[in-house]
Amino acid sequence: MTYETVVGLEVHVELATKTKLFCECRTDFGAEPNANTCPICLAHPGTLPRLNEEAVALAIKAALSLGCEITRETKFDRKHYFYPDLPKAYQMSQFDRPIGQNGFVEIEVDGEKKRIRIERLHLEEDAGKLVHTPAGTLVDFNRGGVPLIEIVSAPDLRSGKEARAYLEKLRAILAYAGVSDVRMEEGSLRCDANVSVRPLGETRFGTKTEIKNMNSLSSVEKAIEYEAARQVEVLAQGGTIRQETRRFDEARRVTVAMRAKETAADYRYFPDPDMVPFTIPEAWIDEIRASIPELPDERRGRYIEQWGLSPYDAGVLTLEKDVSDFFEATVAAGGDVKTIANWMMVEVLGYLNKHQKTIRDVPMTPAHLAQLVRLIEDGTISGRIAKTVFQEMIESGADPKSIVEAKGLLQIQDVSLLEEVVSRVVEAHPQSVADYLAGKERALGHLVGQVMKETKGKANPKLVNDLLQKALEAKRADHAGP
Amino acid sequence: MTLFDERIPELVRRMKDGELSPVELAEEAIRRIEDVDTRVGSFLERNDALLQSAEQLLDKRNRGEALGALYGLPAGIKDNIAVKGMKLTCASRMLADYRPLDDAVVIERLRAEDALFVGKLNLDEFAMGSSTETSAFQKTRNPWNPETVPGGSSGGSAAAVAAREVVFALGTDSGGSVRQPASFTGIVGFKPTYGRIPRTGVVAFASSFDTVGVLAKTVDDAAYVYDQLHGYDERDTTSLPRDAEATFATLGQDVRGLRAAVPEEWLENIDPEVKARIEEALGVMEGLGIGVDVVRLPHLSYAEAAYTILASAEAASNLARFDGVRYGFRPEGIADIDELYTRARSAGFGWEVKRRLMLGTFALSAGRYEDFYLKAQKVRTRIREDLARVFADYDLIVGPTAPTPAFHFKERLDDPLKMYQNDRFTVPANLAGLPAISVPAGFSGSGLPIGLQIMGDATDDARVLQVAYAFQEATLHHVRRPAL
């Protein structure tokens, strides 16, 4: 039997506010444990929440960027559970009036476009963090009360690959909109997946499991693929799927059961009486809508139409806002757009992928990359040398000109110097010369290679080519002599 | 006759004029507490720095600085309101050693007007109770009869004012906790419109009901203090703007021609002496030119049940934070987090609190929510609508504050339903967020005070005070004081 995978994602995103959702504590990542706390976010008796308007504005911005309708009359609800990282023993969240509803994200997988529906986007507060030490468990409340949005997709995804594409696109949109720095590695974007399988053609859903602990895009993809295969296997052997929460084991690349869903907590939601329901004014929504910058799909369209990039290249270059911004800054610094795009696609992204880095992790600046491209264009260095310079530049952050000078990589343009090398190579390789004269054009390539070798790659390849041909034609004349 | 029998504005005038010093008043408070508090038991903690603070106020006057409206007045504070420098116990083992980091907004406002803090006053644990008997620490006795309760939950505040240990006190009223003890101790207890006084720094029991109120000997004293307390604070987004100016200045306004409704249900199944005093009081009101009609409010009989469910649900949520992790009671030798929760909460809370937390958790739980929490919310809405209909035709709703005078210790402690029913006339004002006051309306045959409740429409705080003042000035009930 053929099975179909059905996936819905729940994504939590930390909003890029300066302060927490209900108090004035800072939200910066990496502060000393419990430095960013106060009586309100530590839930001392007598404290009351005070809503951070910036967080509401960013949530609305996120919702609008994802095509959501904005819920005009909204409120906060208390979600109760006991856990040491949750000081009030309830989380302020939104139960039945999420700030955004009915949005969508468009993805493209294997050349096929697909619209993934977003059921809801709501605002809530983050919890603290437990730190396990040999002496016992400690709690760091710095993250407690940081504003989050939870974005729940419809069960529209059909594979790990689609889930990854959705997540990449979602991340891009939120980064472009400027609502979050969406860094999975710092936990400012977290993702849980609801996975089930069903026989192809079946319209009812199978029993789902919830997968947690996926810390990168690739682990999301792998975890879902593994889990779907596991479920198919269970069903194929006549078993049934248990509704449960499973965690992804990154090292073993498998999902492992955590707890059965039947015993899941009863959250006892009810409207928060400390924060009266509020109305989002129409004018505020309009103002926020007007402030939304160019989003990834628009930018991609611009690259195709304005700069003539291929849809594929335009897609890759706009997938991450930081990469796209770097690319645009490089173009702005001067240089041929397509050459720069090519360098971005092959060298820059190749390097980042290979070293598992982001563009923010490398010291190279857009101005340096633009300079490098210009050095090739004006013939100062060859394309091959440029790759060496690039390696140095992306790692050290030095500017390409100084690298070229320091390493003596300037292209040899001196005709008399090259003529000398060429005549030496021609004398030393009579067989290649004979082959060339016998009409074997490939022999020329071999000779060019020899000249480049002698000059350690610094010779201007075009010049070498010309000089060699000239020398060889002179030989032909000698042969045909009197 | 003591200094504390004097009306507040007169005391302040005398101190500002230098006829009397804040130090004398502070000494009077200390003397009174030493004389009577072993018999009354109002205070959980006394402010050791009281005399120093009084001397500082005296210096302030000597330096010629501007003096506040409450200059030199010794006040008592219910121990669920944060006063920096003193403990904030809520009369619970859970917070026996807890010290707040900041003053409550109401304390900031009293401080700004140069009031003195005598100490923290006893209450039912976390303000849950109607007799102050659920305090984990001590019994507070009714100054009129030591065998009877002072009412609750602001029993310490009421007893301290009645016993003249303080000039006024702050309490909180979620279901009658300011008005009922005022009624039991023969003083005035004013609960303003919900939101008039910011709650920041007041330990939440039931957030949508909790209201800070003033307990004082007379209506004019209560109005004078209330004027220093009301108005919006950005730290409590449920607080109301100060659209109404001072109420004290409006006392004495003519009340002739106003119309008062008496719910029929409020004159049924009550103590005959209470009924008699209330009927006399209604006669006094008619004599003041206020029209009095008996009306029917069909949903009012469900008020107590709705209140019990909703307040317990909010309490179960509000008190969930007391888990022994960050502050508060923490048992020794715990093995894991579940044991910490279980033991901290089992030993940290008393029975009444636990009863309500279980009730509230039940009312919110899956499968019960619709039948309990949601239904109670609907009843709350109906009661609001009923009251709004009455206020379309009437200016006031009047009746008894409580169905009986003060009862004896242990009389109701083991019968929660009977205890909760004591609140049945006071909870409607909390369900609808309306202003209400209890004023002395006479005594029972055995000499226990009986209170008249006057309730107004939302934000009609000044009118409630005006009518209560007119009633007070037409009677002499407030002049009597306990023998002690």
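How do strand 5 of chain B and strand 10 of chain B pair, in the parallel or the antiparallel sense, and over how many bridges? The points below take this up in turn.

1. This is a predicted model, in which local features need pLDDT of at least 70 and side-chain atom pairs count only at pLDDT 80 or more, while totals for chains, interfaces and linings use all residues. Residues are numbered from 1 along each chain as its sequence is written, and chains are lettered from A and ligands numbered from 1 in the order in which they are written.

2. Strand 5 of chain B and strand 10 (residues 436–443) of chain B pair in the antiparallel sense over three bridges, where two strands pair if DSSP finds at least two bridges between them. Strand 5 of chain B is also joined by three bridges to strand 6 (residues 211–216) of chain B, and these two run antiparallel. Phe190(B) stands opposite Val214(B) in strand 6 of chain B, and its bridge partner in strand 10 of chain B is Ile437(B).

3. Strand 5 (residues 188–191) of chain B is covered on both faces, with Val188(B) and Phe190(B) buried on one side and Gly189(B) and Lys191(B) buried on the other. A residue is buried if 20 or more other C-beta atoms lie within 10 Å of its own, exposed if 12 or fewer, and partly exposed in between, with C-beta atoms placed from the backbone.

4. Chain B as a whole holds 15 helices and eleven strands, these being DSSP runs numbered from the N terminus (helices H or I, at least four residues; strands E, at least two). Of its 484 residues, 60% are buried. Its radius of gyration, taken over C-alpha atoms, is 21 Å, which agrees with the value near 23 Å that a compact globule of 484 residues would have under the rule of 2.2 Å times the number of residues to the power 0.38.

5. The domain assignment, which is automatic or from a database, gives chain B domain 1 (3–256 + 464–479) and domain 2 (301–376). Their contact takes 21 residues from domain 1 of chain B and 17 residues from domain 2 of chain B, two residues being in contact if their C-beta atoms, placed from the backbone, lie within 7 Å.

6. Between the chains, 24 residues of chain A are in contact with 34 residues of chain B. The side of chain A that touches chain B has 15 nonpolar, three polar and six charged residues, where Ala, Val, Leu, Ile, Met, Phe, Trp, Tyr, Cys and Pro count as nonpolar, Asp, Glu, Lys and Arg as charged, and the others, Gly among them, as polar.
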